[in-house]
Amino acid sequence: LPAPLIIVVPYLAIIPLFDRFAPSLVFGITSTKLRLAGSHVLRAVLCGGAYAVASQGEPSGIAGMYWSLLLAILELATLSSLVLSLLVLHGVIERPAVDQPWRATRISELWRRFGLHLRDALMFLFYTPALLRMRRSNRYLRIVLATLWTILVGNTLLHVVLRYAYLDDGLDRTWHALVGNTALAIALAVDLCLQERAPAKRAWPIAGWLITFTIAAVVASL
C-alpha cells in the first residue's frame, strides 16, 4: 500500500489500484504538489464541516432517507480528500473518490461517480471476470448475473473484510449491507439492461435524477 494509507481505516473506496498510478509516480515535493494537496485538504475541511453540521439533526421519515445519502457522500468525500492530499505528497496523483454525484441521472452513472476506486476494484475482481466467464450466454442474463455477483457478493465481501470485521457491530452491519446491496444490485441490473437495449436513448434529466437519488437514498437508509 502507498505509505499514507497505513494511517487510515483500511477501506478500498480510497485505495487506488497500483497499476493506475504506478506509471505516473513522480517523487519530490514541488509547488504544484503542495497546491494540489492543499486543494484536497480544503475540500476535506468543507465536506467535513458540512458533515458535522448535517449529522447534528437527522430528520425522520422520507426526508431521513435522503439525509442518510447526503451523510454518506460527505463522509466519503471528507475521508478520501484527506487521503488524496497525503498521496499527492508521495507522488500518487489520483482521482477523487467522489466525482460530482449530483449530476447523475441514472443509478449506473451514480455508481460511476461515487466510490470510484471501490468500483474499479469491483469491476476488475468481479464484474469483468464474470462477464468473460459467461460470454456464450444471453447478453441480458450475463449482465444480470454479473451485476448480482459483483454487488451482492463482491461489494458485501469487500466491506466485510476491509471494514465490518473490525467493528463490534460487524454482523449487524453485514446484514444491513446484504439488504442494501440486494436492492442496489437489482436497480443496477435493470438500468444496465435498459442501456444495453437502447444505448442511445436518454432518460429525462429531472425524472432520471429523482429516480436515481430515490433509489440511492433507499439503499443508504437500509
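These are my notes on some side-chain contacts in this predicted model.

**Entry 1: aromatic rings**
I looked up the ring pairs and got 2 aromatic pairs. I picked W209 and F213, whose ring centres are 4.8 Å apart with the planes at 35 degrees, so I wrote the pair down as tilted. Both sit in helix α8 (residues 205–221), 4 residues apart, which is about one helical turn. Are they buried or exposed? W209 is partly exposed at 37% relative accessible area, while F213 is buried at 8%.

**Entry 2: a charge over a ring**
Next I checked W111 and found the charged end of R119 sitting over its ring, 5.0 Å from the centre.

**Entry 3: salt bridges**
I then went for the salt bridges, and the count is 7. What does R95 pair with? One partner is E94, with the closest N and O atoms 3.5 Å apart. Another is D120, at 2.4 Å from N to O. I noted R95 as partly exposed at 26%, E94 as buried at 10% and D120 as buried at 16%.

I also looked at E196 and R139, which meet in a salt bridge at 3.3 Å. E196 is in helix α7 (residues 170–197) and R139 in helix α6 (residues 139–162), so this bridge ties together parts 57 residues apart in sequence.

Conventions: Residues are numbered from 1 along each chain as its sequence is written. This is a predicted model: local features need pLDDT of at least 70, side-chain atom pairs count only at pLDDT 80 or more; totals for chains, interfaces and linings use all residues. Side-chain values use heavy atoms; hydrogens and water are left out. Rings of Phe, Tyr and Trp (its six-membered ring) pair if their centres lie within 6.5 Å; planes under 30 degrees apart count as stacked, over 60 as edge-to-face and the rest as tilted. Helices (H or I, at least four residues) and strands (E, at least two) are DSSP runs, numbered from the N terminus. Buried means under 20% relative accessible area, exposed over 50%, partly exposed in between (1.4 Å probe, protein chains only). A charge sits over a ring if NZ of Lys or CZ of Arg is within 6 Å of the ring centre and within 35 degrees of the ring normal. A salt bridge is a side-chain nitrogen of Lys or Arg within 4 Å of a carboxyl oxygen of Asp or Glu.
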